[in-house]
Amino acid sequence: MKHLPIGTQSFEILRSDNLLYVDKTQDIYRLVTDSRIVFLSRPRRFGKSLLVSTMDELFRGNKHLFEGIYIYDKWDWSRQCPVIRIDWTRITHSTLEEMKVSLCSYLQTVAKQYDVSLTTASAPDRFDELIRLLREKTGEKVVVLIDEYDKPVTAHLFDAHLDGIRTAVHDFYQVMKGADDYLRFIFLTGVSKFSGLSVFSALNNPNDITLDKNYASLCGYTQEELEYYFPDYIDDMASILEETRKDLLEDIRNWYDGYSWDGKTSVYNPFSTLLLFDKQDFSSYWFNTGTPTFLIDILQRRERTSVVLEQITVDSDLLKGGYDPQTLNEIPLLFQTGYLTIKSVEISRNKSKYTLGVPNEEVNEALMTNLLSVYGKYPGEDVDSLREEMEQRLREGDENGFANCLETTIATVPYELQIGCEHYYHTIMLIWMRLLGFRIQGEKPNNRGRADAVWEQPGLTVVAELKYHAEKKTEILLDEAMAQIHDRRYYNRYTGKVILLGVAFSGKDIGCRMETINR
């Protein structure tokens, strides 16, 4: 088996060391021949840097690195272009002044690679000078590759440096508009599309391929790629876990697949997939590299937790347009950072509508655990054991045991946070249900309304209705919950064993009622 390229973002190292490479050069070839100025947004650790590195080696004409892959016999290797590759992870941007100095130094390093001297002082002037000198010296138009173009801005979203950093970055990028005659290809990657930077107008409106169906699998692994490039790792892991290959593939799909930027093509998270095969253990590898504390705080503060608890539908403008970092609309922010993805696309009146949802079990479990910690102050390390117990109580139809589990959760909530409103307890309950695998609020409504949540397992369905009232007794609330389930026949669409679950919150008192029917 070829070694896994864990942590390798250099195409040269990957190919020289004969590491496993999932060939994306067919997409790259189409991209660099069909477009001149391109922007791509993808979440962190999704292969953007490796993509930029691959383009870098391609335009430099390093033919030997591409032997045996798609683009090898299709590229004109006789034409070698000068490349200015700007990697913002290597440029200091703690303050505006540090960024200006570091960026100037970085450009000087690139100039030395081509044995040219820069005489101007400011970063924008040096950038412009470098482009023109490279064009004159080589006789070839220049390629500009910018990795993580938004990093200096996202690093200062909540501090006083933001305005200055944003203006300086805009002025720097604007150089490329005036140097258009000297440029062959421009490619920018990032996590977010910020309208406030005016990058897109400054660059004569680049081709934004973020939601382009032709490039939906440019980053990440498709199902076909997973099975083609990793067969030995799959078989080895199946043997160790004593699972069939089919069952293991289904588990991997549930945990790490599900990202989509066109609503049809689904890809695996490459970072988590590589670590899965290396560690041979299911875990939240990607999520744990950057837990979005500020995102979770935003969801709680604005009472917008529902956007990750249930699927939501939004207009295309919300995802395709840029947004101001200071307004922080949580939906495009969650989408661009990878915590929501496109589940389906519907065309209505010549306009696209996108249905968004959490991509997979890795994100769902980690996100819900973090939300539970914020809402209920429940220790994350205790979640797994309590979840297993709650699932067992559900399967057994043990209403008292299930209620006791809920009481354990609510008991951790500090007194000052025990808000006397249905929304608060309803949210905690729905978070627990998402952790248990429930489909939340209206994914499958019937013609009489919709249940709060539905849990579907092989041979078992649980239909749940939640009630809260500060003064009514739990028994009365449970009567209302069960009556609503029966009156509206929420269970009509399901067959086999169905458990009807009513949950009631009355102040600090919690009650559950379960009824089993066979259909």
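The model is predicted, so to speak of local features a pLDDT of at least 70 is needed, side-chain atom pairs count only at pLDDT 80 or more, and totals for chains, interfaces and linings use all residues. Residues are numbered from 1 along each chain as its sequence is written, and side-chain values use heavy atoms, with hydrogens and water left out.

Helix H4 covers residues 96-113; helices (H or I, at least four residues) and strands (E, at least two) are DSSP runs, numbered from the N terminus. From first C-alpha to last, H4 reaches 26 Å, close to the 26 Å expected (1.5 Å times one less than its number of residues). Among its buried residues are Met99, Leu103, Tyr106 and Val110, buried being under 20% relative accessible area with a 1.4 Å probe, protein chains only. Their cover includes strand S2 and helices H5, H6 and H7. Just past H4, Asp115 takes a positive phi of about 60°.

Next comes an open sheet of three strands, ordered S6-S8-S7 with antiparallel pairing (strands pair if DSSP finds at least two bridges between them). S6 and S7 stand at the edges with a single partner strand each, so one side of each lacks a neighbour in the sheet. Four bridges join S6 to S8, and Asp315 stands opposite Lys353 in S8.

Finally, residues of H11, including Ile234, Met237 and Leu241, meet Arg245, Leu248 and Leu249 in H12, contact being heavy atoms within 4.5 Å.

Conventions: Buried < 20%, exposed > 50% of the residue type's maximum accessible area, 1.4 Å probe, protein only.
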